[in-house]
Amino acid sequence: MVWGESLLHKQSVSSEIVTIEKRLRYISGMLKRNGRKILHHYPITSPQFVALQWLLEEGDLTIGELSKRIGLAFSTTTDLVDRMEKNALVERIRDDSDRRVVRIHLLEKGKVIIHEVIEKRQQFLDSVLDYFSEEDVNELNRLLEKLYVQMKKVSEENTKKKGTDISEESNRNH
C-alpha cells in the first residue's frame, strides 16, 4: 500500500472506528503495563510469560510451533527457551512418536508462576469491573467475544488472501 492509498483509507474510516481503535489500544497498553508490574515480582520476562501461557494452554510445543505463536524468530525463541530451561520453568523432551522431534514441556514451577500471574491480572480486572453492573459486565463479555471471533475470522481470511496473492505473484513471475 502506498502513502496516498493509506491516506484515502483513513478518510473513509468512521469516527466511531477511530475511537474504538484508540480505546482498545489504550486498554491494551494499560493491561500490558499492569502485567509488567506484576511480572517484576517473578523471575520471568514478558516474552517468557507469553511463551509459558501458550505452553499452558496448548501443551507441549516444538520450538517452531512456539515461535509462530509468540511471533518471535526461531533463534530468539530458542534463546528464550534456553533461559526458561535454566530457570527450571520448562524442559525439552523427545516426542514419543518421532524421536527426532523435540518438544518444550511446561514444568511445575512454570505452571505455578503462570497461574499466579494470571490470577493477579484477573484480580486487577476484577477491581476495575467492580464499578460495572452485572448486566454491563455480561454485555461487555458478550461483545468482546463477538469482536474476538470476528477479528480472528477476518485475520485468517486476510492471511489466506496474502498467501494466495503471493503464490499467484510467484506463478506469474515463473
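The model is a predicted one, in which local features need pLDDT of at least 70 and side-chain atom pairs count only at pLDDT 80 or more, while totals for chains, interfaces and linings use all residues. Residues are numbered from 1 along each chain as its sequence is written, and side-chain values use heavy atoms, with hydrogens and water left out.

The secondary structure of the protein chain consists of seven helices and three strands; helices (H or I, at least four residues) and strands (E, at least two) are DSSP runs, numbered from the N terminus. Read from the N terminus, the order of elements is α-α-α-β-α-α-β-β-α-α. Of the 174 residues in the protein chain, 18% are buried, where buried means under 20% relative accessible area, exposed over 50%, and partly exposed in between (1.4 Å probe, protein chains only). Among contacts in the protein chain with a separation of 6 or more, 47% are made by residues 24 or more positions apart, a contact being heavy atoms within 4.5 Å.

Helix H5 covers residues 74-86, 13 residues in total, and spans 18 Å from its first C-alpha to its last, close to the 18 Å expected at 1.5 Å a residue. That expected span is 1.5 Å times one less than the number of residues. Thr 77, Leu 80, Val 81 and Met 84 are the buried residues of H5. Viewed down the axis of H5, these buried residues fall within an arc of 100°, so they line one face of the helix; the arc is taken over the directions from the helix axis to the C-beta atoms. Their cover includes helix H3 (46-58), helix H4 (63-70), strand E2 (90-94) and strand E3 (102-106). Just after H5, Ala 88 has a positive phi of about 60°.

H3 and H4, both part of that cover, also pack against each other, at an angle of about 115° and with their axes 10 Å apart. Axes are lines fitted to C-alpha atoms, for helices over the stretch in contact, and angles run from 0 to 180 degrees between N-to-C directions. On the H3 side, Val 50, Ala 51, Trp 54, Leu 55 and Glu 58 meet Leu 66, Arg 69 and Ile 70 of H4.

Strand E1 (residues 61-62) contains Thr 62. Thr 62 is buried, its relative accessible area being 17%. Apart from neighbours within four places in sequence, Thr 62 is in contact with Val 101, Val 102 and Arg 103.
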